[in-house]
Amino acid sequence: MDAVDYSEHYEVTTADETPSLLSVIIDTNPRAWAVLDDGSLPLSLTAAVANLLLFINAHLAFSGANQVAVIAAHVNRAVWLYPSSHSPKPIQDNTSADGDVAMADAPAAATTPSSANKYPQFAQIEATVLGSLKKLMAETTERDLDSTTTQLSGALTLALCHTNKASRALGASDTAIHEAAQTSGTTPPSPMKGRILVLSVSDSESSQYIPTMNAVFAAAHGRVAIDALALAGDATFLQQACFNTGGVFLRAANPQGLLAYLMFGLVADTEAREALVAPTHDTVDFRAACFCHGNVVDTGFVCSICLSIFCELPDNAECFTCGTKLALGSYGAKPAVIPRKKKKKKKIINGSGREETMSATGTPLR
């Protein structure tokens, strides 16, 4: 009689995959893209968006539970590219003469071309992103271009709100898991893995430092990693964002190889990176912008209460943010100088320059 039980070999166990939400923020500053397109290694916004769509399709192909959101960081506002917000239409009778009911939420055939060789979800995302981007560029006026500041902080805030909303929606459906975790005293598993990818082509604006850092600290508290790929410009604040949230910062030496940077350096989520060697940045620029003039400074005055930074001493030594009287101590006083210790001089015997040998007779010359 065989005492070995083979039932465990044929037992099928299933585990639900944790959804991963990827929020892509595209810097759509027209001035910055015009400079990049006219450079020695040109890259147009159209080609960059095409590479990003391939990267998004790869993310969605990893798991059927994965989700994606695309946001444009424009010169004067942050705009949703996918999912796009549509104004509600009035309810009307859509019943035709033959009895068929037209679906109001279905895209028209003219706006979304159908292809037998393209996955329907990929086609829907591509059509929505391209349509929203064309609409954004068409609505951009010359007056809007007077402002050169990219609204990165607004785009980060939208991405964090969307991630929190999606995570709460999934967490509400797993109430049984959370109740069991609370009963056992353990931490319930996160219902969603969220991360943000920023495609930057502009310099970090000092006026965006405070709202950007607030969004970065909120992302670190919510365990949302921020990745950044800088095609051009000095992305000082994005380096700090990636460092504080455990993300990946890449600076593209060749912007034309955008897809290679995305697929080889940024396609893995936060859980998969624990088993991989993620690319790292050698140096991180930790400079901050002062609260008084918005200048990026190396050294300055810091309030001990609210940690506000000033490039020069405020009036009456009073913090602009919280009103605390800054204690400067001995700032501006002359530094204390410690006198140097005098060296002992060698003793000279009988006018000769030889040292004293502590002997009764002198050293013979021959």
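1. In what follows, Ala, Val, Leu, Ile, Met, Phe, Trp, Tyr, Cys and Pro count as nonpolar, Asp, Glu, Lys and Arg as charged, and the others, Gly among them, as polar. On that basis, the lining of the largest cavity has 5 nonpolar, 6 polar and 3 charged residues. The model is a predicted one, and the points below should be read with that in mind.

2. The structure holds 2 cavities of 30 Å³ or more, and the volume of the largest is about 150 Å³. Its lining is made up of 14 residues, with Thr150, Leu152, Ser200, Asp203 and Ser204 lying nearest the centre. Strand 4 (193-200) and helix 7 (236-245) are the elements that give two or more residues to this lining.

3. The second largest cavity contains about 30 Å³ of space, and its lining, by class, has 8 nonpolar residues, with no polar and no charged ones. The residues concerned are Val24, Ile26, Val49, Leu52, Leu53, Ile56, Val70 and Val129.

4. Leu36, which is found in helix 1 (residues 30-37), counts as buried because its relative accessibility is 9%, under the 20% cut-off. Leaving aside residues up to four places away in sequence, Leu36 touches Leu41, Pro42, Leu43, Val201, Leu231, Ala232 and Pro255. For one of these contacts, Ala232, the separation from Leu36 is 196 residues in sequence, while the C-alpha to C-alpha distance is 7.2 Å.

Methods:
Residues numbered from 1 in each chain as written. Predicted model: local features only at pLDDT ≥ 70, side-chain atom pairs only at ≥ 80, totals over all residues. Heavy atoms only, no water. Helix = DSSP H or I, 4+ residues; strand = E, 2+ residues; numbered from the N terminus. Buried < 20%, exposed > 50% of the residue type's maximum accessible area, 1.4 Å probe, protein only. Contact = heavy atoms within 4.5 Å. 1 Å grid on protein atoms, 1.4 Å probe; cavity = no way out; pocket = protein on both sides within 12 Å on 5 of 7 lines; lining within 4 Å. Points joined across faces, edges and corners; volume = space filled by probe spheres on them.
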